Amino acid sequence: ANRSSWASIKGFADNVEIEVAATYGSAGTTTIDTVPDSRGVTINVHYSISLLPQNSYRPRLADDRVGYFVTALKDFSQKVDEDRFVRYVNRWNLEKADGSAPLSPPRKPIVFWIEKTVPFKYRQPIREGIESWNSAFEKAGFSTAIEVRQQPDQTDWDPEDINYNTFRWITAGAGFAMGPSRVNPRTGQILDADIIFDADFLQFWRTEYETFTPQAVVALTGGDPARATDSHGVFEFSTGSRACNHCSLVHGHARETAIAVTSIAAMGDGPLSEVQKEKLVAQGLKLVTMHEVGHTLGLRHNFKGSTMLSLADVNDVNKASQNGASMSVMDYMPANIMPKGKTQGDYYTAKLGPYDYWAIEYGYRQIPAASPESERVELDKIASRSGEPMLAYATDEDTVAGAPDPLSNRFDLGNDPLEFARTRAELVEQLMPLIVERMVSKETGYERVRQAFGVLLSAYGQSMYTASRLVGGLYTTRAHKADANAQAPFRVVEPQRQRDTLTLLEMQMFSEKPFLFSPELYNQLAATKWLHWGMPSINRDDYPVHEVILSWQDRVLSRLLDPLTLERIRDNELKVPADQDAFTSAELLDRLTKSVLSELETVQPGEYTVRKPAVSSLRRNLQRKYVARLGSLAMGSTAAPADCQSIASVQLRNVNARIAVLLANEQVKLDDYSRAHLLETQGRIQKVIDASLELPRL
Ligand SMILES: [Zn+2]
């Protein structure tokens with residue numbers, strides 16, 4: 001403590017900003033790049049204290065159909081028959097200058113200053129991104145609600161003054177954009193907002209793409225479902241008005257830009273010109289700005305946004321120009337890249353969507369009333385449109401691993417996850433053979449090939465994982481019963497759609513075919529050669545082919561065989577009338593066994609060698625993982641329903657019987673690899689069967 005000191009203290013009219021340089025001692029066992037001696041580290045902790053406004057601001061009641069951050073209060077004086085929470089939306093205090101005019105400028109507009117640190121060439125897309133929200137405010141009765149001003153080179157104010165909302169540009173090497181805002185904890189009134197962009201945003205080629213670790217694969221696909229099931233389906237959330245206010249759009253956006261750059265280069269004549277690249281970056285920057293500004297206006301994520309149109313309509317200029325490509329810019333939008341031979345629309349949507357207009361209307365339209373309570377009737381008129389297809393809303397807690405709705409996704413596009421996965425598969429198939437020729441220039445080494453390979457493979461895997469959420473899925477809606485067009489809160493995904501998903505996964509994830517890249521390509525996937533501070537150390541210089549492919553396959557398997565998925569499929573069987581077709585967990589396990597272990601049926605008579613094996617190495621890997629997962633199900637060592645335990649057990653016995661038949665077939669001369677693999681699998685299954693016989697059934 002005696003090494004800590006004040007780093008800076010600033011006083012403004014309405015706030016005080018204090019920075020403490022807190023110095024900590026440690027054993028120095030970990031190396032930290034940025035300090036000379038890691039036995040001591042100074043961390044600056046920022047305290048921000050602001051004056052609460054004394055004004056006539058009338059808070060607005062929140063509604064669960066419209067996605068605002070909320071300020072929740074408990075009012076013990078309320079005589080009500082349910083919880084005493086009062087929930088206000090977080091929003092700016094906008095009042096019409098002329099209260100009786102249908103369209104009036106506000107008394108005090110929301111002013112955003114583009115800081116002088118923002119590079120000149122990016123000021124225009126950023127300005128357009130911020131100003132785009134004005135059209136939504138116009139529909140809510142305000143003209144020029146938001147003003148954008150450019151900070152001149154000489155100014156006497158400081159961005160930390162809460163009376164200035166700023167758009168800042170920093171170089172912390174963290175690659176983030178965020179819209180922190182200060183809110184009156186009694187009313188939800190937003191007092192100040194600053195958006196910080198890290199210049200890293202523009203650095204879309206990253207060494208982390210060179211090797212996607214299993215942890216990176218999990219992070220790309222919504223986190224770990226195990227966490228959700230450990231706590232018996234109850235998710236842990238931080239509490240407080242700013243819960244779930246984490247925005248990681250920029251990370252994924254950089255990867256999508258890399259995909260776009262690879263595709264454009266591969267479909268054209270080679271690496272992009274600077275002009276092409278800047279155009280793409282500017283389009284993306286505008287979209288990310290719209291998204292981040294949306295947060296500072298009080299809006300939460302809407303991960304259903306991108307399901308407004310079919311992929312074909314997204315790429316139809318006439319249709320996409322009507323309402324944009326997404327019902328909301330508060331979704332995480334992928335780069336829209338179509339395979340060769342298909343119509344290509346805009347790479348990134350450039351417009352607010354219908355949901356955005358609606359949400360701003362809910363939060364900001366002036367309603368003549370004496371109290372927040374008496375606004376309710378008018379507010380409900382707006383919110384009750386929730387059942388309209390273009391106003392669907394699902395947010396962070398609806399999009400965690402284990403969440404039921406397969407249409408609420410990050411970085412998907414179009415109203416059909418299957419179509420999106422098929423399109424990405426076609427794109428990746430076209431691009432992979434071209435990346436060496438098109439991505440390496442005279443100046444760069446082979447690391448760009450490895451990065452492009454990693455980016456494409458992850459885009460592929462992520463789209464397949466997204467599609468896999470249809471299996472055992474439930475469509476959800478937040479609409480209330482009396483809303484027009486309202487459907488029930490849950491509807492089971494059509495059984496045929498679940499079966500189609502499995503067909504796709506069989507062909508694109510469990511088959512080895514999509515992963516048979518050329519040997520020359522594998523020999524050119526070289527890692528970055530630099531090793532110094534700020535660079536990750538590479539475990540393997542050559543490409544870990546089997547490991548990376550298996551981590552994607554196993555990720556999809558883990559989602560299909562997750563106890564929560566199995567439990568939900570079994571529950572869904574009761575959510576469909578008994579005389580109707582339903583997709584069952586028995587069908588799922590049977591299908592998976594048949595497709596993952598298809599060689600047991602399809603191996604033709606003949607002589608196999610280790611170079612031309614009966615079961616290929618990629619398939620042997622997948623089969624081991626699958627049998628291991630079936631084994632834990634059969635042993636009852638997961639939280640899956642007991643029915644699935646029995647089914648898994650029967651599946652394993654069948655597999656063993658079929659392995660025995662194959663091994664005994666004299667017409668099939670197995671290679672050493674396949675024979676050893678089958679014998680080993682047989683032995684493992686036998687152990688599981690023996691062990692589960694001794695176990696009491698739970
Ligand atoms: Zn966000």
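Reader: What makes Glu361 and Arg365 a salt bridge?
Author: This is a predicted model, and the distance is computed from it. The closest N and O atoms of Glu361 and Arg365 are 2.9 Å apart. The cut-off is 4 Å between a side-chain nitrogen of Lys or Arg and a carboxyl oxygen of Asp or Glu. The pair therefore counts as a salt bridge.

Reader: Why do such side chains pair at all?
Author: Side chains of opposite charge can pair when their charged atoms come close.

Reader: Is Glu361 called buried or exposed, and why?
Author: Buried. Its relative accessible area is 15%. Buried means under 20%, so Glu361 qualifies.

Reader: And why is Arg365 called partly exposed?
Author: Arg365 has a relative accessible area of 32%.

Reader: What makes Arg570 and Glu567 a salt bridge?
Author: Their side chains meet at 3.9 Å, N to O. The cut-off is within 4 Å, so the pair counts.

Reader: Where do Arg570 and Glu567 sit along their helix?
Author: Both are in helix α17 (residues 563-572). They are 3 residues apart, which means about one helical turn between them.

Reader: Which residues does Pro641 contact, leaving aside its neighbours in sequence?
Author: Pro563, Leu566, Glu567 and Arg570. Pro641 itself is in the loop between α20 (617-634) and α21 (642-664). Its C-alpha atom is 7.2 Å from that of Leu566, 75 residues away along the chain.

Reader: Why is Pro641 called buried?
Author: Its relative accessible area is 5%. That is under 20%, so the word applies.

Reader: How do you know whether Asn184 is buried or exposed?
Author: Asn184 has a relative accessible area of 2%. The limit for buried is under 20%, so Asn184 is buried. It lies in the loop between β10 (181-183) and β11 (190-198). Among the residues Asn184 touches are Leu52, Pro53 and Thr71.

Reader: What does the side chain of Asn184 reach?
Author: It reaches the backbone nitrogen of Arg186 at 2.9 Å.

Reader: Why is the pair Glu256 and Arg424 said to tie parts together?
Author: Glu256 lies in helix α5 (residues 249-267) and Arg424 in helix α11 (residues 417-431), so the pair ties together parts 168 residues apart in sequence. The side chains meet in a salt bridge at 3.0 Å, N to O. Both Glu256 and Arg424 are buried.

Reader: How many salt bridges does the whole structure have?
Author: A search finds 43. Asp63, Arg65, Asp380 and Asp483 are linked in a network of them.

Reader: How many salt bridges are counted between domain 1 and domain 2?
Author: The count is 3. The domain assignment gives domain 1 as 1-51 and domain 2 as 93-469 + 512-543. Glu160 and Lys10 meet in a salt bridge at 3.3 Å, N to O. That is within 4 Å, so this pair passes too.

Reader: What area do domain 1 and domain 2 bury between them?
Author: About 810 Å², with 44% of it on carbon and sulfur atoms. In domain 1, Lys10, Phe12 and Asp33 lose the most area to domain 2.

Conventions. Residues numbered from 1 in each chain as written. Predicted model: local features only at pLDDT ≥ 70, side-chain atom pairs only at ≥ 80, totals over all residues. Heavy atoms only, no water. Domains from an automatic or database assignment. Buried area = accessible area lost by both parts, 1.4 Å probe. Helix = DSSP H or I, 4+ residues; strand = E, 2+ residues; numbered from the N terminus. Buried < 20%, exposed > 50% of the residue type's maximum accessible area, 1.4 Å probe, protein only. Contact = heavy atoms within 4.5 Å. Polar contact = N/O pair within 3.5 Å; in protein donor to acceptor, adjacent residues only side chain to side chain. Lists of a residue's contacts leave out its neighbours within four places in sequence.
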